[in-house]
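Please open the model in your viewer and keep the selection panel at hand. The tour goes from one selection to the next and says what is found at each stop.

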Amino acid sequence: MKILAIDASTIAASAAVAEEKKLHGEIFTDYKLKHSEKLLIMVDSLLKNLRMDICEMDAFAVCNGPGSFTGLRIALATTKGFAMALNKPIITVSTLDCLAHSAFHFDQFICPILDAQRSQVYAALYKKRGNVLEKVIDEGAYDISSWINQLKEKTGNEKILFSGDATLKYFDRFAQGLPGSALVAEASIRMPKASYAAKIALEKAHRGEIQDAYTAMPNYIRLPQAEENFKEKER
Amino acid sequence: MCSVKILGIETSCDETSVALVENGRKILAEKISTQIEIHKQYGGVVPEIASRNHLQLLPFVTQAVLAEVKTGVEDVDAVAVTYGPGLVGALLVGLSYAKALAYAAKIPLIGVHHIKGHIAANYLRFPELVPPFLSLVVSGGHTSILLVNDYCDIVCLGKTIDDAAGEAYDKVARTLGYEYPGGPMIDKFARKGRGDAIDFPRIMLQEGSLDFSFSGLKSAVLNYLNSMKMKNEAICPEDVSASFQEALLDVLCAKIDLAAQKTGQKKIALSGGVASNSRLRERMAELAAEKGYRLYIPEPKYCTDNAAMIAAQAYYELMDGNISDIYLNAVASLPL
């Protein structure tokens, strides 16, 4: 099964083509790019490099969040466009899962965190058990201090590897709150990468967890601000 | 004549619309999914909510259009999409989708300017209309007088320097307590009021100018309502609606008349959401009859945002060789 995966959940963007047990190619950028301009160019240049045509793809994979609302929509809309034109399925992958899998070989705790603004992070906690990554804390939008407390509770004194676009922004607070435990993932696995989304998507495809252009949607986690305010007022 | 079928996509504000149009003139199928009911409770369009809905709706709306003519993407010759002006987050959804669709289907992508689309709405309804002609585009976001020399050669002769006409309608309506969207409510209540009850200003700007300014008129209405409240005097919303509307329409009519005199054009095509206002249509018809102008106004459905008009303009862009590349981006404020 040949799969094209894309990600635009954060300021970084990437595209990858993979098949079972083989990554054919990947393009990753994290440098002052507008996703709306670049995402399709990245897909195009990757396919040209691989001498492949988009019609050869059996499915499209996309990181569906959490992350930047606009970035998620650009990636999802792009994937939906491909899927509509070629009548192919879509496989959505959690951006946090994608990040956690890029640190798969780390055998203590893995904590991907994405900037959710308003002093919050979108986060989850993972740990490898045997050959699979298990979610220890489910994904959500957490206040930094409450997230630190949850981590303390679940990890004891084990090491926690932080990755994601909020890592550097909040690392001092994590280092302070979790003395001796917090580690920063190296740059090459700190941002989400489409290659890992492709790997997860292939596994999901084999389990039949497949969607299409109609059903694939972002996992925003949060309601639109206006809707939150409205509900607040109604209470 | 060969048949060129263009799939138009429009998501610049709160309508999710897709249409299939043949040779810029004939609508083969179209769908407009409006989000008015969703945004009503917020008193106006919420960009984040509009964007989320566009993303959810686009594949369904596309499929409904293609199914109606029992065709598939493989029978489409080009994809057209609004790339600006509009709400950037909303535009980005339609644009990203359209780019991917065109790329995967290996057909040309045509980015269309939203205002040019509004003008082209007239081509769908009036087969005899060909450039040159004058166009007045009046909506919640725009108020412009344009000289359409040719399908793709359009010159802006005048535009609003502050509020758009539709914006003034919405703000006055909100102050009067009418529910969103307020324009149609003013149209309705003005029918029961006197247009000469209150003397609101007609702001013409300098002699000979084709530009508009509506923020002064809006403020005058708000000041009037405030002063009546201070004096504890009752207001008549019908009279306020009618007097505001007449003041605004006096300006629109005077300016389009001036533009016709300046350019010597006798054909005038209207479009944009405010062009569905019943009193505007009456006033323009009176002006046209008096001065011997030929007036074109599409029915309300084609005055408001729709994808058919985008596909119509795209046909002429395609004929002119204006094909977009995959770098095409959404632009919130885009000059003609």
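Which domains does the domain assignment of chain A give? In this predicted model, chain A has domain 1, covering 3-95 + 192-225, and domain 2, covering 96-189. Colour the two separately, and note that their centres, taken over C-alpha atoms, are separated by 23 Å.

Next, select the boundary between these domains, where 17 residues of domain 1 of chain A are in contact with 12 residues of domain 2 of chain A. On the side of domain 1, helix 6 of chain A (residues 194-206) contributes the largest share, 4 residues, and the class make-up of that side is 9 nonpolar, 4 polar and 4 charged residues.

Now bring chain B into view: 28 residues of chain A are in contact with 31 residues of chain B. On the chain A side, two or more residues come from each of helix 1 (35-49), helix 2 (69-86) and helix 7 (225-234) of chain A, with helix 2 of chain A giving the most, 13 residues. By class, this side holds 17 nonpolar, 5 polar and 6 charged residues.

Strand 4 (residues 78-84) of chain B runs parallel to strand 5 of chain B, joined to it by 5 bridges; here Gly84(B) stands opposite His113(B).

Note on methods
Residues are numbered from 1 along each chain as its sequence is written. Chains are lettered from A and ligands numbered from 1 in the order in which they are written. This is a predicted model: local features need pLDDT of at least 70, side-chain atom pairs count only at pLDDT 80 or more; totals for chains, interfaces and linings use all residues. Domain bounds come from an automatic or database domain assignment. Two residues are in contact if their C-beta atoms, placed from the backbone, lie within 7 Å. Ala, Val, Leu, Ile, Met, Phe, Trp, Tyr, Cys and Pro count as nonpolar, Asp, Glu, Lys and Arg as charged, and the others, Gly among them, as polar. Two strands pair if DSSP finds at least two bridges between them.
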